[in-house]
Amino acid sequence: MATESRVVEPEFEHTKKAFGYAARDPSGLLSPFNFSRRETGEKDVAFKILYCGICHSDLHMARSEWGKSIYPLVPGHELVGVVTEVGSKVEKFKVGDKVGVGYMVDSCRSCQNCNDDLENYCPQYTVTGGGKYRDGTVTYGGYSDSMVADEHFVIRIPDSLPLDVAGPLLCAGITVYSPLRYYGLDKPGMNIGVVGLGGLGHMAVKFAKALGANVTVISTSPNKEKEAIEHLGADSFLISRDPDQMQAAIDTLDGIIDTVSASHPILPLVSILKSHGKLVMVGGVSKPLELPVSSLLRGRKLVAGSLIGGIKETQEMIDFAAEHNVKPEIEIVPIDYINTAMERLVKADVKYRFVIDIGNTLKPSS
């Protein structure tokens, strides 16, 4: 159910014209929208957006399903392009560089999390599209022709990584890479499970394999087995609704990355962990989950969560992806297909990430 929303028109002292697609109410329908971005400040990087991935959270925000969305809302936090201007005090980037921006464009810079390069856990972090800076101005995301962001939140895209596949890594990629690293599930030879085979799940399979793991995809859908093993490179496939298969898998996995956002039982997943095993939730399940504590006590098992990653780790992830040829499976669409893409996203009718061709299809006359 959509919740209360607001319409806010931000004001900037110095602005530059921009163009994109915005949702104007909780229907979530997107249409052409002219707006303003701030002029490039002394620590800012301005870049022309060429591609932007479509994340499921874009849909939630456009439809105000997560809270008080601010309209007009330009979604998009998987945006990549080429630098067109840099501020006088920018040190890391120059005109012509390939860059991107992920889920956030600001944080307080002073809390313990920020000091530890965990801006994603800063209580004051600012989302790239549909958020507000600390001065109250609204952020507009990547379904647009340009971006201006502080260089601290800009990610360098290696030359060997094509821009069209780089965008989804800034959200889906880091969302699964970070817990694999933090929870020690990155050692060669480990047995790692991945629950769900969508935008997040297929990236978890690819990163875990690149880290040297034996990967088991866990799904309710038997028809995904061939795709998981033959196309994505998983080593085995487990049907979670099959009691015999789940019984045979008890105590076999060192860790599980659970990417499913719909409500689902997790006790069976805990049971297939080895002693000291870790179940890490990265899907935004809205309903409370049932978990008897006794299932954790036997084997000293852990159920944890993880949300994207900090800027330093996101850069590390992008560099790792380029080095190991880890790329998302994408379907490139024009900007005027956006509403159809959103409806297909609701039906999980995409393998596995839509990417908008901003550079070739977004025109001010659209």
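Modeller: The structure is a predicted model, in which local features need pLDDT of at least 70, side-chain atom pairs count only at pLDDT 80 or more, and totals for chains, interfaces and linings use all residues. Residues are numbered from 1 along each chain as its sequence is written, and side-chain values use heavy atoms, with hydrogens and water left out.

The closest cysteine sulfur to that of C108 belongs to C122, and at 3.6 Å it is too far for a bond. A disulfide is a covalent bond between the sulfur atoms of two cysteines; here the term is applied to a pair of cysteine sulfur atoms within 2.5 Å. The structure holds zero disulfides. C108 is buried, with a relative accessible area of 11%, and C114 is buried at 9% (buried means under 20% relative accessible area, exposed over 50%, and partly exposed in between, with a 1.4 Å probe and protein chains only).

Helices (H or I, at least four residues) and strands (E, at least two) are DSSP runs, numbered from the N terminus. H77 is buried, with a relative accessible area of 3%. Leaving aside residues up to four places away in sequence, H77 touches C52, C55 and C171, among others, and also G102, Y103 and L170; contact means heavy atoms within 4.5 Å. The side chains of H77 and D58 are joined by a polar contact of 3.3 Å, that is, a pair of N or O atoms within 3.5 Å, where within protein one must be able to donate a hydrogen and the other to accept it, and residues adjacent in sequence count only if both atoms are side-chain atoms. The loop between strand 5 and strand 6 also holds P72, which is joined to Y71 by a cis peptide bond with omega of about -5°.

G102, Y103 and L170 are also among the residues that line the second largest cavity, as are I308 and G309. On a 1 Å grid over the protein atoms alone, a cavity is a set of points where a 1.4 Å probe fits but cannot get out, and lining residues have an atom within 4 Å of a point. About 80 Å³ of space lies in this second largest cavity, a volume being the space filled by probe spheres set on the points, which are joined across faces, edges and corners. Helix 3 (163-182) and helix 9 (311-324) are the elements that give two or more residues to its lining.

I308 lies in the loop between strand 17 (302-305) and helix 9. Its phi is positive, about 35°, although I308 is not a glycine, and at 6% relative accessibility I308 counts as buried. N325, in the loop between helix 9 and strand 18 (330-333), likewise has a positive phi, near 60°, but N325 is exposed, with a relative accessible area of 53%. Most residues other than glycine have a negative phi, and most peptide bonds are trans.

Terms used:
1 Å grid on protein atoms, 1.4 Å probe; cavity = no way out; pocket = protein on both sides within 12 Å on 5 of 7 lines; lining within 4 Å.
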